[in-house]
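Work through the following exercises with the sequence and the model at hand. Each task is followed by a solution that goes step by step.

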2 protein chains.
Amino acid sequence: MATIRDVARRAGVAISTVSLALNGKGPISPATVERIQAVAAQMGYMPSVMAQSLKRGHNRLIGLVLGDIGNPFFGRLLRNVDSVVAEADHMLIVADTASHPEREINTLNQLRRHRVGGIIMAPLSNDPAFAAYLREIDVPVVLIDQYVDGVRLDYVCSDNELTTTMLTEYLIRLGHRRICYLGGQPNWWTARLRLAGFRAAMQASGVNIDPDLEVVADFDGEKAYDQVARLLSRPKRPTAIVAASNLMALGALQAINDLGFSCPGDVSLTGVDDVPWGSVIKPRITTVVQPVEELAQVAAAWILERIGSRGGAAAPPRTHVAIPRLVIGESCSRV
Amino acid sequence: MATIRDVARRAGVAISTVSLALNGKGPISPATVERIQAVAAQMGYMPSVMAQSLKRGHNRLIGLVLGDIGNPFFGRLLRNVDSVVAEADHMLIVADTASHPEREINTLNQLRRHRVGGIIMAPLSNDPAFAAYLREIDVPVVLIDQYVDGVRLDYVCSDNELTTTMLTEYLIRLGHRRICYLGGQPNWWTARLRLAGFRAAMQASGVNIDPDLEVVADFDGEKAYDQVARLLSRPKRPTAIVAASNLMALGALQAINDLGFSCPGDVSLTGVDDVPWGSVIKPRITTVVQPVEELAQVAAAWILERIGSRGGAAAPPRTHVAIPRLVIGESCSRV
DNA sequence: TTTGCTTAGTGAAACGGTTCGATTGGAGCC
DNA sequence: GGCTCCAATCGAACCGTTTCACTAAGCAAA
């Protein structure tokens with residue numbers, strides 16, 4: 001690939017003249033500018049972002065660290081983040097930690113070696129060592145979806161507590177009392193909040209929580225299937241299920257069907273978040289959807305802000321809580 | 001962030017000594033190496049990949065250009081590509097063209113400015129101008145999923161013709177004759193091949209193709225819904241449907257249900273590719289799935305090879321055709 | 001003619017590393 | 001003591017760009 005030297009030689013001017021001309025900076029005569037542009041175009045010259053960055057002290061790269069890009073939620077997140085940062089002429093280095101929390105520090109270090117201007121991350125880890133690492137990090141970081149206890153960083157999420165509260169209240173209004181809750185691993189930030197949302201709604205309505213019906217299924221479809229199958233084969237089975245994720249809701253639905261029960265006839269079912277093509281799953285599951293576009297846009301805008309104002313990196317951290325939306329399907333019935 | 005200069009000063013040695021010591025190259029005394037390592041660790045020094053790359057002439061970045069990362073197929077592709085290149089200490093710059101073919105050249109140019117070592121791309125465009133651009137490109141490119149006429153580049157795909165051939169033959173074996181084909185836009189490479197696969201299977205079995213039943217639904221769920229709804233309300237309706245994508249299959253299923261028909265009772269349905277939650281969609285759709293992991297791994301391995309052997313970039317282009325797998329569900333019945 | 005002001009363009013330093021030829025200082029040998 | 005040799009370390013060039021102080025030329029005013 002041609003370098004600025006080649007262009008300068010070919011155009012018969014100094015290197016600095018080429019730089020000035022192509023960036024439209026110095027007082028270069030129109031004739032010269034035109035000649036240089038012509039030569040550059042003809043040679044297919046493109047400035048090396050690496051070299052530019054080295055000089056300027058910052059490149060136009062942003063790191064995006066996710067636990068599982070295969071998950072459609074993160075896929076949509078990625079897409080929307082990309083569209084915003086591309087607008088600002090930035091590009092995304094995407095790293096998937098493949099659901100291994102222990103790889104996160106390593107991944108972040110790699111991004112730092114690349115001197116990315118900022119990092120957007122949906123963390124998995126939530127231990128003090130990781131928090132300590134984040135507290136010392138010297139590049140702007142915006143957390144998304146999941147938080148890390150003990151750090152002070154920008155954080156963008158939807159109101160996780162509200163998600164399950166809305167669903168639980170809805171079921172209670174329909175007359176349900178024996179409600180099963182399918183939750184995630186309690187070391188996940190969002191899992192704890194969604195559980196709290198469920199409990200708050202139950203208590204607010206004065207409904208007793210049967211501890212046996214509050215199960216952990218690790219945000220995993222198969223585990224949800226097993227748990228629901230187990231609970232449905234017991235005498236006092238639940239009349240409704242609140243699943244803290246779409247995957248678990250689908251696992252639950254499959255269990256309900258496979259055991260010969262009907263949804264919503266025998267068991268009402270609700271979940272969190274859209275599933276792509278959810279519209280063709282029968283019955284359509286009543287669900288609370290997170291505004292992914294909003295999350296992505298705010299996170300992207302914030303990281304660009306932090307990058308833009310070098311000093312402003314010290315500005316106090318902000319939190320944006322997006323309000324999820326209840327989408328009523330056909331998976332719940334009055335009891 | 002500390003630079004190599006800072007480390008050198010603090011350790012009381014020359015810059016070159018630090019570089020040599022940390023890279024384990026020169027004959028540096030063990031005592032000095034240890035001291036330098038200690039100082040570097042204490043200062044949190046990390047070499048700048050940009051600076052290294054500038055000197056070495058190549059960075060450890062690979063571009064991945066996709067039309068829609070929101071699509072789970074590409075999400076899984078991304079995840080698997082990332083896992084392979086990460087193994088080789090490379091990172092991925094991901095760019096989403098948001099289904100705008102006209103942005104592709106721009107995106108590729110941006111990646112070239114970043115001096116990525118190679119590019120993996122699922123192209124949308126397939127016009128001569130784009131082919132001409134690709135023919136001149138000075139960085140290794142591996143195409144995946146879709147090809148571009150008139151270029152000579154590595155290409156990784158699954159046997160697109162075979163996908164629809166397998167489905168069609170399966171339906172014919174079940175006794176179907178009036179088979180509807182839902183295809184994609186003919187300017188898409190994969191759409192043309194899948195259509196050809198359908199026709200080949202029909203002709204091989206001596207079944208007449210009713211041109212009215214061969215419709216274009218643009219790989220789009222809504223369009224498929226409309227088309228199927230239209231065809232099903234006519235007197236001589238099809239007894240089976242081959243959809244050239246999962247999205248169209250789901251649209252078709254919805255239309256079948258909404259019009260009061262049953263699947264597979266009245267209409268048999270088949271599709272191409274997994275849907276992430278396919279296992280809970282009733283009925284489970286018979287489908288041919290592409291081995292995404294295999295595609296991703298081959299593409300990643302090939303681009304790493306091209307990057308590795310600088311001269312080898314001129315090696316003749318290869319093509320890898322993966323064999324898709326027929327997964328029989330409950331959406332088809334004998335007629 | 002000298003002075004001063006513009007305009008157009010140049011040269012060199014700097015960014016943060018790597019690499020290689022040059023330079024030490026000391027040990028071993030005669 | 002002078003020689004060679006080797007291990008350990010250093011210095012400088014270089015990668016591709018930007019930026020800024022500087023110069024050379026042209027011209028108007030004094």
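Buried means under 20% relative accessible area, exposed over 50% and partly exposed in between, computed with a 1.4 Å probe on protein chains only. This is a predicted model, in which local features need pLDDT of at least 70 and side-chain atom pairs count only at pLDDT 80 or more, while totals for chains, interfaces and linings use all residues. Residues are numbered from 1 along each chain as its sequence is written, chains are lettered from A and ligands numbered from 1 in the order in which they are written, and side-chain values use heavy atoms, with hydrogens and water left out.

**Exercise 1.** Describe the protein surface near DNA strand C, including its composition by class.

Step 1. Taking a residue as near when one of its heavy atoms lies within 4 Å of the strand, one finds that 28 residues surround DNA strand C, the closest being A:Thr17, A:Thr32, B:Ile4, B:Ser19 and B:Lys55.

Step 2. By class this surface has 13 nonpolar, 10 polar and 5 charged residues, where Ala, Val, Leu, Ile, Met, Phe, Trp, Tyr, Cys and Pro count as nonpolar, Asp, Glu, Lys and Arg as charged, and the others, Gly among them, as polar.

Step 3. Of the atoms of DNA strand C within 4 Å of the protein, 57% belong to sugar or phosphate, and the rest to bases.

Step 4. Polar side-chain atoms lie 2.7 Å from a phosphate oxygen of DNA strand C in the case of A:Thr32, 2.9 Å in the case of B:Gln52 and 3.4 Å in the case of A:Arg115.

Step 5. Among the elements that give two or more residues to this surface are helix H2 (15-23) and helix H4 (49-56) of chain A, while H2(B) gives the most, with 5 residues.

**Exercise 2.** Characterise helix H5 of chain B, from its span to its two ends.

Step 1. Helix H5 (residues 72-87) of chain B has 16 residues and reaches 23 Å from its first C-alpha to its last, close to the 22 Å expected at 1.5 Å a residue, the expected span being 1.5 Å times one less than the number of residues.

Step 2. The N-terminal end of H5(B) is capped by B:Asn71, of which a side-chain oxygen lies 2.8 Å from the backbone nitrogen of B:Phe73.

Step 3. The buried residues of H5(B) include B:Phe74, B:Leu77, B:Leu78 and B:Val81.

Step 4. Just after H5(B), B:Asp89 takes a positive phi of about 65°.

Conventions: Polar contact = N/O pair within 3.5 Å; in protein donor to acceptor, adjacent residues only side chain to side chain. Helix = DSSP H or I, 4+ residues; strand = E, 2+ residues; numbered from the N terminus.
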